[in-house]
Amino acid sequence: MTTTDKQKDIPAAAALRVAVIGLGSMGFGMAASLRRAGFEVTGFDINEQMVARLVANGGRGAQTPAQAAQAADVVVSVVVNAAQTEAILFGADGVAETLPDGAVFVSSATMDPDVARNLAARLETTGRLYLDAPISGGSVRAAEGALTILASGSAAAFARARPALDAMATKLYELGDEPGVGAAFKMINQLLAGVHIAAASEAIALAARQGLDIRKVYEVITASAGNSWMFENRIPHVLDGDYAPRSAVDIFVKDLGIIQDMARSAKFPVPVAAAALQMFLMTSAAGMGRDDDASVARLYAKITGTDLPGEPQT
């Protein structure tokens, strides 16, 4: 396993053409980082306004994934799940129709490792390369070119994609020479992230029910052993009563569901992750699936009659 820190000078940026498929909060930030590094960037998104925003920032727009991939050296796919990744690759107007031989498809979606291996095998039989490269860090770090990338794939795929990867990340983990390893690492991260969000939400809602000043609770816990990155990052959303989605509840319904499938297949118990999944499922079922994942705290508040900032008084 190799870890690469971001280099000050990105080599050969002007010589590489990069397509970014999916220009949401993460994908747009990644595309902007690539543009700052000097790459020729073409973007596609089903939301035409996001494509127009990229064009306004010096990129090029495309009407389909296939059009974006024409003449690209690297395609970075920043979609939500395996099904969308498969459609981007092999669906109508998919990139496999037009991606040049020897170009590399960089898949950033969180998915089951077996699915990543299958998609890679299908693409690589066509003479293109596949890099399994899930991302971590959130939209702010994406915009700063400061992501962590958990990647696995062939040496050829890494060599082709490395300048683009270095433009998007401050930390690149090279985790193996076969696709699927990066996906497996990401699922371990998602297990912990989902559990930590559920635990943070439970704790802050219980603090509110106890009549504590929850802003002071946040101050104390972030300076104490019970702190976690998720507590520190998500609980301000609860304190502000702001549940605009930075990362939605339904993302963890998906990711913790994948973990359950992986664990069942391996006959490995994951009871803590299973409990966290149920909290995200209940939050989604209560109508908050597209809201910020800190909304798990709102669910606790609703079912216990506890008041939180920005919520209707009980």
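1. The largest pocket of this predicted model holds about 1,700 Å³ of space. Its lining is made up of 49 residues, and those that lie nearest the centre of the pocket are Ser25, Met26, Arg246, Ser247 and Ile251.

2. Which helices and strands build the lining of this pocket, with at least two residues each? They are helix H1 (25–36), helix H4 (82–90), strand S8 (135–136), helix H6 (138–144), helix H8 (181–209), helix H10 (229–240) and helix H11 (249–266). Among these elements, H8 gives the most to the lining, with six residues.

3. When the residues lining the largest pocket are sorted by class, 21 are nonpolar, 19 are polar and nine are charged.

4. One of the elements that line the pocket, H1, also packs against another helix, H7, which covers residues 155–168. The axes of H1 and H7 come within 8 Å of each other and cross at roughly 110°, an angle that falls in the range from 65 to 115 degrees, and therefore H1 is described as roughly perpendicular to H7. On the side of H1 the contact is made by Met30, Ser33 and Leu34, while H7 contributes Ala164, Ala167 and Met168. Of the residues in this contact, five are nonpolar and one is polar, and none is charged.

5. A second pair to look at is helix H9, residues 214–221, with H10, where the axes lie 10 Å apart and the packing angle is about 170°. Because angles over 145 degrees count as roughly antiparallel, H9 is roughly antiparallel to H10.

6. Which residues of H9 and H10 meet? From H9 they are Ile214, Arg215, Tyr218 and Ile221, and from H10 they are Phe231, Glu232, Ile235, Pro236, Leu239 and Asp240. By class, the contact of H9 with H10 has seven nonpolar and three charged residues, with no polar residue in it. H10 is also one of the helices that supply at least two residues to the lining of the largest pocket.

7. A last point concerns the confidence of the prediction, for which the protein chain averages a pLDDT of 94, with 94% of the residues scoring at least 70. Over residues 7–11, however, the pLDDT is below 50, and this stretch has seven contacts in the model beyond near neighbours in sequence.

Key. Residues are numbered from 1 along each chain as its sequence is written. This is a predicted model: local features need pLDDT of at least 70, side-chain atom pairs count only at pLDDT 80 or more; totals for chains, interfaces and linings use all residues. Side-chain values use heavy atoms; hydrogens and water are left out. On a 1 Å grid over the protein atoms alone, a cavity is a set of points where a 1.4 Å probe fits but cannot get out, and a pocket is an open set with protein on both sides within 12 Å along at least five of seven lines; lining residues have an atom within 4 Å of a point. Grid points are joined across faces, edges and corners, and a volume is the space filled by probe spheres set on the points. Helices (H or I, at least four residues) and strands (E, at least two) are DSSP runs, numbered from the N terminus. Ala, Val, Leu, Ile, Met, Phe, Trp, Tyr, Cys and Pro count as nonpolar, Asp, Glu, Lys and Arg as charged, and the others, Gly among them, as polar. Axes are lines fitted to C-alpha atoms, for helices over the stretch in contact, and angles run from 0 to 180 degrees between N-to-C directions. Angles under 35 degrees count as roughly parallel, over 145 as roughly antiparallel, 65 to 115 as roughly perpendicular and the rest as oblique. Contact means heavy atoms within 4.5 Å. pLDDT is the predictor's confidence in each residue, from 0 to 100.
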